[in-house]
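Got your viewer open and a selection tool handy? Load the model, and let's walk through it stop by stop.

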Amino acid sequence: MANELSTTLNDSTQYIVIRLGTEQYGIDIKFIDNIVRMQQITRVPQVSPYWKGVINLRGEVIPVLSLRVKMGMENDSETKDTRIIIIKIDQHEPVGVMVDSVKEVVNLSAAEVERVTSAEANGYVSGVGKQDQGLISILDTELVLQDM
Amino acid sequence: MDVSQYLDIFLDESREHLQNLNNNVLALEQDSENMDTINEIFRAAHTLKGMAGTMGYKRMQTLTHDMENVFSEVRDGNIKVNSDMIDTLFQCLDALEGYVTTIQETSDEGDNDNEPIIKALNDCLNAKGGADEAAKEEKSEKAAPAKKAKAKKKKAEPKKSEEKAAPLKLSDEDRKGIEDAMLANRKLYLITVKVQENCLLKAARAFLVFKAIEEFGDIIAADPSTQDIEDEKFDFTFRLVVASDGEVAPMLTAIKNVSEIEDAVGVPFNGDDVSEDAGENTAAEEVAEESAEEESEAEEKKEEPAKEEKHVQTAPAPVKAAEASHSGSQSQPPAKKAAGKPAVNRTVRVDIEKLDSLMNLVSELIIAKNSLVSSATSLGNGSNQLNDHIEYLESVTTNLHESVMKVRMVPIESVVTKFPRMIRDLSKKLNKPLELYMSGEETELDRTVVDEIGDPLMHLLRNSADHGIEEPEVRAQRGKPELGSIYLDAYQDGNNVVIEVRDDGNGIDVEAVRRKAVERGVLTEEQAAAADENEIISLLFQPSFSTAKQVTDVSGRGVGLDVVKSKIESLSGEVDVKTKLGEGSTFSIRLPLTLAIIQALMVVVGNEKYAIALGSIQTIEDISPADIKTVQGREVINMRGNVIPLIRLDEVVGVESNRQPDDNMVVLIAKKGDKLAGLVVDELIGQQEIVIKSMGKYINKCKFISGATILGDGEIALIIDANALI
């Protein structure tokens with residue numbers, strides 16, 4: 001509630017900033033259910049290469065995809081910073097997204113985000129946020145999950 | 001009055017009453033003279049009206065009221081049932097169903113007054129003057145002479161038929177007792193005792209009545225038998241033959257002094273009523289005989305007249321079933337105000353969500369138990385006591401799981417009872433005489449599955465009615481009876497339930513499908529020529545592929561079979577077709593008994609663990625690579641005369657096998673219908689009870705993986721669906 005209130009008051013959105021290689025991406029916090037450490041992933045045969053498999057999240061079986069492979073980057077190499085972000089959009093089933101690391105939470109007002117057309121930047125980026133630490137590509141999370 | 005809290009009950013019960021009405025109106029169409037059916041309909045309509053009134057649904061109440069009026073006239077013999085009336089009644093039931101649905105969606109009955117139907121109902125009422133004669137004419141044409149005579153008789157003595165008590169049904173011993181008592185010249189009385197309808201402990205009251213009577217005389221016979229009375233197997237009335245040396249009046253007073261006894265009537269008894277009298281065939285007797293038939297096989301011999309009567313009426317199987325169930329719910333004839341409840345039914349209505357959460361908890365418990373087992377194993381066999389406890393826990397969880405599963409099982413009856421009505425409507429719409437024969441309605445399936453199979457079955461039945469059964473003229477030319485038969489058979493086969501929809505119609509014209517496939521560009525000419533029959537038939541299950549030459553609003557819009565297939569597959573089931581051109585087709589749906597927890601065989605392939613449902617595995621074999629032969633490029637083994645194709649799971653799942661090529665192989669022989677296949681795995685771990693977890697729609701692209709399960713150590717193993725591989 002508090003988050004929603006502050007976001008509407010300041011006309012800004014909270015994003016979780018994640019890192020893939022050298023690039024920073026922002027995921028709207030409203031889609032994020034949970035962030036968990038890397039754990040054992042069970043491979044699922046005969047599915048698209050970006051699916052890493054399924055994990056056991058407190059008794060639920062949740063599919064995990066690699067954002068790197070999905071964005072056309074080279075395959076993940078697991079480190080101690082690797083995280084799985086559990087994304088849940090409305091009534092849809094939760095999906096885990098594997099990222100190199102999670103950095104921080106930022107507030108970006110609409111003025112700070114420059115919209116981009118989908119033709120640019122892999123098609124999954126809806127805008128670019130400007131902050132002191134550099135540029136943050138805002139992921140169109142819904143589009144990432146629709147495109148399966 | 002705030003009635004919202006009763007809304008759910010209202011909706012549930014209204015649906016039940018409407019289904020009941022549907023069945024009975026259908027029965028009435030077959031046998032328009034059956035007073036039981038009419039009474040049952042009247043009762044259901046009346047209850048429905050009362051319920052709608054209480055809940056404040058005025059329109060629904062008005063419509064039910066008008067319907068009830070019609071039945072009231074029918075019951076009193078003022079108007080006759082005819083086919084227009086039946087149509088109107090069905091429309092009326094549909095309209096009521098519409099109200100219920102609207103109420104469920106919006107908590108309001110909507111503003112459809114259904115005036116045309118009300119008018120039609122009133123027309124039925126008004127028709128009683130002039131059309132009565134016509135209706136009678138029509139009836140007598142249809143009815144056999146005997147039946148006509150009976151109808152007349154019934155009309156002539158309606159009073160008698162209602163008031164005349166049914167003959168006593170007595171066992172041979174009772175009969176002998178009566179004879180002895182009569183020889184001993186004792187006074188015999190027939191006492192009819194009626195228990196109050198809200199009485200909770202009927203058997204206890206009956207016991208008190210017995211005790212009261214024994215003060216005055218001996219009970220020498222009872223109907224129902226004393227055993228049945230003690231078991232509460234009677235409605236509200238039972239009759240006793242008492243031998244006494246005194247008068248009947250003080251006895252009756254004593255009986256009436258027992259609390260919750262509504263009435264007791266005693267008359268002198270001379271043994272006459274214990275007769276096999278078939279002379280008079282009044283409605284009341286018929287009921288008595290019919291219900292007698294149900295209650296006791298032993299009585300059957302004496303019921304010859306009634307039985308013949310029943311056969312003459314040739315009610316088709318489904319209707320018979322409806323009739324039977326309804327006569328089962330009838331009370332004994334002497335209870336004039338019958339209240340249609342069979343012996344006390346000890347059931348509780350439980351919300352399915354509560355059962356789901358119970359089931360989830362059981363699943364969690366089994367996962368926890370599995371974890372405990374695996375940690376105990378890793379400790380080594382240090383403590384025997386620990387193992388004992390774990391074994392005990394295992395048996396308890398397994399039993400608990402089975403009990404919960406059983407609670408969730410419901411007979412498919414709840415789904416299939418609407419089909420006879422549907423086929424009747426289709427028969428009228430398509431102008432083809434059709435009959436639906438159902439068997440195995442009592443077959444049980446998990447509630448979640450039962451809720452989902454209605455639509456697919458409906459599609460298949462419509463398909464049979466529309467495409468399967470030929471036009472009556474064509475059937476006549478082919479020497480088939482004009483009446484097209486559709487069968488719906490359900491039965492359990494191992495861990496599966498099979499539901500078959502069969503018809504004696506035209507069957508699938510494989511060549512027509514082949515041509516169509518080429519026309520539509522689904523197959524090239526060469527592909528079509530090369531495809532075998534099964535491949536061609538499987539095309540029917542593809543989206544937008546309909547062979548109906550004519551598009552009707554029954555089927556033939558190109559949706560249907562593909563919907564059926566995807567629905568059944570989403571329930572982890574499968575659809576299979578057997579067909580013979582000119583003779584008919586059979587669609588079989590094979591469904592798993594349960595969806596949640598199964599016994600599985602854990603195997604290792606490469607370095608991955610997989611679970612395979614134990615139900616599909618026949619045997620496990622140890623095969624030497626030397627025994628493998630190659631037939632048409634496929635690896636097969638010859639086992640006890642069967643040539644069985646091999647499926648190497650390492651290749652299927654795409655991992656490197658950890659076995660040497662010349663090692664012996666572990667082969668699981670899996671069976672699907674009459675097909676066998678050998679699944680080659682690297683290692684067996686053992687049998688385990690697993691909880692099936694869905695993997696969600698995102699990653700569900702892999703056909704042969706039917707789900708996942710969480711192992712004792714928290715690791716996930718995927719479940720391989722052997723059926724999908726064969």
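What follows is a tour that starts with a whole chain and then moves through its parts.

A word on ground rules: this is a predicted model, in which local features need pLDDT of at least 70 and side-chain atom pairs count only at pLDDT 80 or more, while totals for chains, interfaces and linings use all residues. Residues are numbered from 1 along each chain as its sequence is written, and chains are lettered from A and ligands numbered from 1 in the order in which they are written.

**Stop 1: chain B as a whole.**

**Stop 2: where the chains touch.** Now show chain A too. Here 20 residues of chain B are in contact with 16 residues of chain A, contact being C-beta atoms, placed from the backbone, within 7 Å. On the chain B side, the elements giving two or more residues are helix 16 (352–378), strand 21 (705–710) and strand 22 (716–720). Strand 21 of chain B gives the largest share, three residues.

**Stop 3: the largest nonpolar core.** Select Val54(A), Val97(A), Ile612(B) and Leu679(B): among the 77 residues of this core, they touch the most other members. (A nonpolar core is a set of buried Ala, Val, Leu, Ile, Met, Phe, Trp, Tyr and Cys residues joined through C-beta atoms within 7 Å.) Strand 12 (residues 597–605) of chain B supplies the largest share, six residues. The core lies between domain 3 (352–411) and domain 5 (597–725) of chain B, because both give residues to it; those bounds come from an automatic or database domain assignment.

**Stop 4: strand 19.** Pick residues 675–681 of chain B. Is this strand enclosed or open? Five of its seven residues are buried, so strand 19 of chain B is largely enclosed by the rest of the structure. Strand 17 (residues 642–648) of chain B pairs with strand 19 in the parallel sense over three bridges, pairing meaning that DSSP finds at least two bridges between two strands. Look for Arg648(B) opposite Val680(B). Strand 18 of chain B pairs with strand 19 in the antiparallel sense, over seven bridges, and there Lys671(B) has Leu676(B) as its bridge partner.

**Stop 5: a loop residue.** Go to Val655(B), in the loop between helix 26 (649–653) and strand 18 (665–672) of chain B. Val655(B) counts as partly exposed, because it has 16 C-beta neighbours inside 10 Å. Draw a distance from its C-alpha atom to that of Glu608(B), 47 residues apart along the chain, and you get 8.4 Å.

**Stop 6: helix 19.** Finish at residues 419–430 of chain B. The twelve residues of helix 19 should span 16 Å at 1.5 Å a residue, and its end C-alpha atoms are 16 Å apart, which agrees; the expected span is 1.5 Å times one less than the number of residues. Colour its buried residues, including Phe419(B), Ile423(B) and Leu426(B). Just after the helix, Asn431(B) takes a positive phi of about 60 degrees.

Key:
Helix = DSSP H or I, 4+ residues; strand = E, 2+ residues; numbered from the N terminus. Buried ≥ 20, exposed ≤ 12 C-beta atoms within 10 Å, placed from the backbone. Contact = placed C-beta atoms within 7 Å.
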